[in-house]
Amino acid sequence: MKSLLLAIESSCDDSSIAIICTKSLKCVFYQKISQESEHSGFGGVVPELASRLHTKALCDICAKAKPFFSQLCAVAVTTTPGLSVSLLGGITLAKTLSSELKIPLISTNHLLGHIYSLFLDKSHDFSGLGVLLVSGGHTMVIDMDEGHPKVLSSTLDDSFGESFDKVAKMLGMGYPGGLLIQNLALKAKAKNLSFTLPMQRSKSLDYSFSGLKNQVRLKILQTPDLDEEQKAEIAYAFEEAATNHILDKLKRLFAKRRFASFGVVGGAGANLCLRQKLALLCKAYDTRLVCAPLEFCSDNALMIARTACEQYKQKDFADIKEELLFSKPL
Ligand code: KG4
Ligand code: ZN
């Protein structure tokens, strides 16, 4: 019996293909080609460039995955959310494989994929689970307890990861900015600077990062010819404020809602300062902190394959004749 599932991820600037066994959840093939260096000089993802790079990268990875084609039982692809021109590259490849190999096609939600990155090689357990999803495009807290995602709070403007990217750009650094800012902050010696936490007086559990970004912008404007130490101090103060903002709202949520376990997923979930603060919060509330593996926090096809395994079991198949773009809401 054919039991391998191939998944394609191309929602933003990473081209990735994974093949896992639907029975054992074991990964037999995985590759990801990141476009970070190509977009770095632009301070963000250029959709037209991303689309062209996906076309080449997906073909190259697909050629390497070919030895497994005869054992495939299904093909899955990220269809929502993401850049349409990037998603379309993956969707077209998935439709071609589905049609040529005569196997079912599965349309998978990228955000659900990030949630499943907590359970890549094991069966999932959603009971009592809360999840913080922080990526370049999203910042949300999700209740998974009922077995399906219920969004409890989200950002009103920029996302957590995006704010790191924008601050890095303002400081003349590359893209993506998350790891660059995290590493620069570690070099700060003087820690006298601080930024005001967003939405402190509001009872809302939602997030906002655009005001904090503007505080950083003003600080940079006020200090011409910033030296490395001053840049590090700004990076440190920004990272403190951004992570404390996440924690401030989570503390309010934890005070009224008990989670048996709490997960952190998404590219920006790799932030070590955020992870340390979440560990303290979870300890205080006797909640088990579960983190996606660092390598699989950022976009990857393995989390899509893992999600699609559940869809395969439920025969949640897509119609190849449908457009499929943005067809799978959370
Ligand atoms: O999940 P992801 O790979 O792509 C999206 O779905 O958006 O997340 C990418 C985002 C970028 O904004 C990047 O700067 C951020 O994750 N990121 C980080 C760190 N590593 C990546 N943000 C803060 N600290 C990090 N260590
Ligand atoms: Zn993502």
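Let's start with a pair of strands. Strand S9 (residues 261-265) is joined to S10 by four bridges, and the two run parallel. Within that pairing, Ser-261 has Arg-288 of S10 as its bridge partner.

Some ground rules. This is a predicted model, where local features need pLDDT of at least 70 and side-chain atom pairs count only at pLDDT 80 or more, while totals for chains, interfaces and linings use all residues. Residues are numbered from 1 along each chain as its sequence is written, chains are lettered from A and ligands numbered from 1 in the order written, and side-chain values use heavy atoms, leaving out hydrogens and water.

Two terms you will hear a lot. Helices (H or I, at least four residues) and strands (E, at least two) are DSSP runs, numbered from the N terminus. Strands pair if DSSP finds at least two bridges between them.

Now the sheet around S9. Which order do its strands have? Reading across, the order is S8-S7-S6-S9-S10. That makes an open sheet of five strands, with mixed pairing. Strand S8 (150-154) and strand S10 (288-291) stand at the edges. Each has a single partner strand, so one side of each has no neighbour in the sheet.

Look at S6 next, residues 129-134. S6 is mostly covered: six of its six residues are buried. Buried means under 20% relative accessible area, with a 1.4 Å probe and protein chains only. Leu-129, Val-131 and Leu-133 point one way from S6. Gly-130, Leu-132 and Val-134 point the other way. In a regular strand, side chains alternate between the two faces of the sheet.

Leu-132 has Val-141 of S7 as its bridge partner. A hairpin takes the chain from S6 to S7 through four residues.

Back to Phe-262. How are the rings of Phe-254 and Phe-262 arranged? We need one rule before the answer. Rings of Phe, Tyr and Trp (its six-membered ring) pair if their centres lie within 6.5 Å; planes under 30 degrees apart are stacked, over 60 edge-to-face, the rest tilted. The structure holds 13 such aromatic pairs.

Take Phe-29 and Phe-68. Their ring centres are 6.1 Å apart and their planes meet at 55°, so this pair is tilted. Phe-29 lies in strand S3 (residues 27-34), while Phe-68 lies in the loop between helix H2 (47-65) and strand S4 (72-80). The pair therefore ties together parts that are 39 residues apart in sequence. Phe-29 is buried, at 11% relative accessibility.

And here is the promised answer. Phe-254 and Phe-262 have ring centres 5.1 Å apart and planes at 75°, so they are edge-to-face. Both residues are buried. Cys-282 is 28 residues from Phe-254 in sequence, and 8.9 Å from it in space, C-alpha to C-alpha. Cys-282 belongs to helix H9 (residues 272-284). At 1% relative accessibility, Cys-282 is buried too.

One aromatic cluster deserves a mention. Its members are Phe-160, Phe-164, Tyr-207, Phe-209 and Phe-238.

On to the other sheet, which has S3 in it. This is an open sheet of five strands, ordered S3-S2-S1-S4-S5, with mixed pairing. S3 and strand S5 (105-109) stand at its edges. Each has a single partner strand, so one side of each is left without a neighbour in the sheet. Strand S1 (residues 4-9) runs parallel to S4, joined by five bridges. Across that pairing, Leu-6 stands opposite Val-75 in S4.

Last stop: the metal. Which protein residues hold the zinc ion (ligand 2) as donors? They are His-110 (NE2), His-114 (NE2) and Asp-299 (OD), at 2.1 Å from the zinc ion. Donors are N, O and S atoms within 2.8 Å of the metal (3.2 Å for Na, K and Ca); water is not among the atoms, so sites may look incomplete. The donor spacing in sequence reads H-x3-H-x184-D. Both histidines, His-110 and His-114, sit in helix H4 (residues 110-116). They are four residues apart, about one turn of the helix. His-110 is buried, with a relative accessible area of 7%. His-114 is buried as well, at 0%.

Key. Buried means under 20% relative accessible area, exposed over 50%, partly exposed in between (1.4 Å probe, protein chains only).
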